[in-house]
Amino acid sequence: MAMSLFRRHSFSHGVHPPAHKDGTAQMPIRRLPFPPQLILPLGQHIGAPAKALVSKGQEVVRGQPIASAAGAVSVPLHAPATGQVLRIESVPTSRGTREPAIILNVYEASTQEVLWQQPRHLDGMSRDALLQAIQDTGLVGLGGAAFPSHIKLRIPDDKRVDTLVINGCECEPYLTCDHRIMLECPDDLIRGIQLAMQASGTRQAIIGIEDNKMDAVNLLAEHLKDIPHISVQAVETKYPQGSEKMLIKSLLDREVPAGGIPADIGVVVNNVGTMAALGQLLPRGEGLIERVITVTGPGIERQGNYRVPLGTPIGFILEQAGYEGGANEFILGGPMMGPAVSSLDTPITKGTSGLLVLNEPQVRKESRPRWACIKCGHCVSACPMHLNPAWLGQLAAAGEYARMSESANLEHCFECGCCSYVCPSNIPLVQYFRIAKAINREQAA
Ligand code: SF4
Ligand code: SF4
């Protein structure tokens, strides 16, 4: 289908942080070797953690299921390498919690070949069977949300969805893994989109890509010229263009109602990395055992995009990519929304899109000295949800968490970090909002 490049597809407010993508955007995806040990948390997704199918001492082969889905909103886990289960124990995660994980000793001679597959005839498969097959791959949103893909694509009976929006914005600074996937795996991506359209019953798909990646826009437009019902559109390069609500507004001029979901306005959104993985895994009958991440930041000798086995500790990645030490912050994902981690044993999981190492003076604002609010209004002009972050911040400082929800629409905040980014007083507003939401959730429970 044709691409539309001439209307400026965008949303109001947002920010334009420096991109910092030059160091990795032109680097082809490379494969990292297996680490000696993989750390595989059972809860790498939103929903119930998977249930271990293996026990201490058991040998497993690359691709074999090692944990099963624990209910509808859950996905299985597969062995990323051939080896032996060392133990199941609780480990630190990027959420700052400790969670049960399978520790796998990787055999030195472990092959890159996937030794366990469950091929299926996809042609003519019913939607229910296709959704079950998607759940069996263990696939979740690889853009960071880690929401199980089979749930996202299962449209509730009371909703009618007409459009599958494919998110190729990659609006977070530093990250370029989705950009490389679009350039290097266009056939997998298109096959994945077609399977997702079949599973969700949508008639059309639109791939939205920020206009700082015109090579990807042009390449996909060329691949799609004889394929009906899938199109590609350039959107303005602006943060947070890649959030679901902003991208839907930019591409379709529809607004998700407060407290609603995209399906309420006929849309389902998936990320390009997720779709490429679907197009690769489902026809082969394989599970998700690895993903592409961007490894970047000052201090990294060989920045780039790497295909890494799930469960790889970040310390091993730093060794492989060449790390000079002295970093102040290790971030899993991009600098605007990614969590900082302190343990180098923290593993790469399904939702990890990058490993960003920041030194002084790149450390994020929450680590810098802060001042009183000067009522400049910059945060109000930046908030894409048209909230009043300064007021929310004042309520948070006064401990009035309930009032933040009742009077200032705290629940509409999706923690994009635009307000913190623009604040000249370095007030870590988004940190306050995360804490307030957690306290409100706890009190409600
Ligand atoms: S973090 Fe929340 S309040 Fe701040 S700009 Fe984003 S949506 Fe608005
Ligand atoms: S940007 Fe910071 S200083 Fe300015 S109004 Fe918002 S909270 Fe206050």
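Biologist: Let's start with C423: buried or exposed?

Modeller: Keep in mind that this is a predicted model. C423 has a relative accessible area of 9%, so it counts as buried, the cut-off being under 20%.

Biologist: And where is C423 found?

Modeller: In the loop between α13 and α14.

Biologist: Which residues does the UniProt "binding site" annotation cover?

Modeller: The record, an unreviewed entry, lists C373, C376, C379 and C423 under that annotation. They span 51 residues in sequence, yet no two of their C-alpha atoms are more than 10.6 Å apart, so the four gather at one spot.

Biologist: What about C376, where does that one lie?

Modeller: C376 is in the loop that runs between β18 (354–358) and α10 (378–382). With a relative accessible area of 36%, C376 is partly exposed, whereas C423 is buried.

Biologist: OK, ligand 1 now. Which residues come nearest?

Modeller: There are 13 residues around ligand 1, and C383, C413, C416, G417 and C419 come nearest. Two helices, α13 (418–422) and α14 (429–444), each supply at least two residues of that shell.

Biologist: How does the shell around ligand 1 split by class?

Modeller: You get 11 nonpolar residues, one polar and one charged.

Biologist: And where does ligand 1 sit?

Modeller: In the largest cavity. A search of the whole structure turns up one cavity of 30 Å³ or more, and the largest cavity has a volume of about 100 Å³.

Biologist: What lines the largest cavity?

Modeller: Its lining has 15 residues, with C383, L387, C413, C416 and C419 nearest the centre. α11 (389–397), α13 and α14 each give at least two residues to it. By class, the lining of the largest cavity divides into 12 nonpolar, two polar and one charged.

Biologist: Switching topic: how much space lies in the second largest pocket?

Modeller: About 330 Å³. The elements giving two or more residues to the lining of that pocket are α4 (177–184), α8 (272–284) and β14 (290–296).

Biologist: Which of them gives the most to the lining?

Modeller: α8, with six residues. The second largest pocket has 24 lining residues, and A277, Q280, E290, R291 and R307 lie nearest its centre.

Biologist: And by class, what is in the lining of that second largest pocket?

Modeller: There you find 11 nonpolar, four polar and nine charged residues.

Definitions and conventions
Residues are numbered from 1 along each chain as its sequence is written. Chains are lettered from A and ligands numbered from 1 in the order in which they are written. This is a predicted model: local features need pLDDT of at least 70, side-chain atom pairs count only at pLDDT 80 or more; totals for chains, interfaces and linings use all residues. Side-chain values use heavy atoms; hydrogens and water are left out. A residue is near a molecule or strand if one of its heavy atoms lies within 4 Å of it. On a 1 Å grid over the protein atoms alone, a cavity is a set of points where a 1.4 Å probe fits but cannot get out, and a pocket is an open set with protein on both sides within 12 Å along at least five of seven lines; lining residues have an atom within 4 Å of a point. A molecule sits in a cavity or pocket if more than half of its atoms lie within 2 Å of its grid points. Helices (H or I, at least four residues) and strands (E, at least two) are DSSP runs, numbered from the N terminus. Ala, Val, Leu, Ile, Met, Phe, Trp, Tyr, Cys and Pro count as nonpolar, Asp, Glu, Lys and Arg as charged, and the others, Gly among them, as polar. Grid points are joined across faces, edges and corners, and a volume is the space filled by probe spheres set on the points. UniProt positions are given in the numbering used here, feature names are shortened, and annotations may be inferred rather than shown by experiment. Buried means under 20% relative accessible area, exposed over 50%, partly exposed in between (1.4 Å probe, protein chains only).
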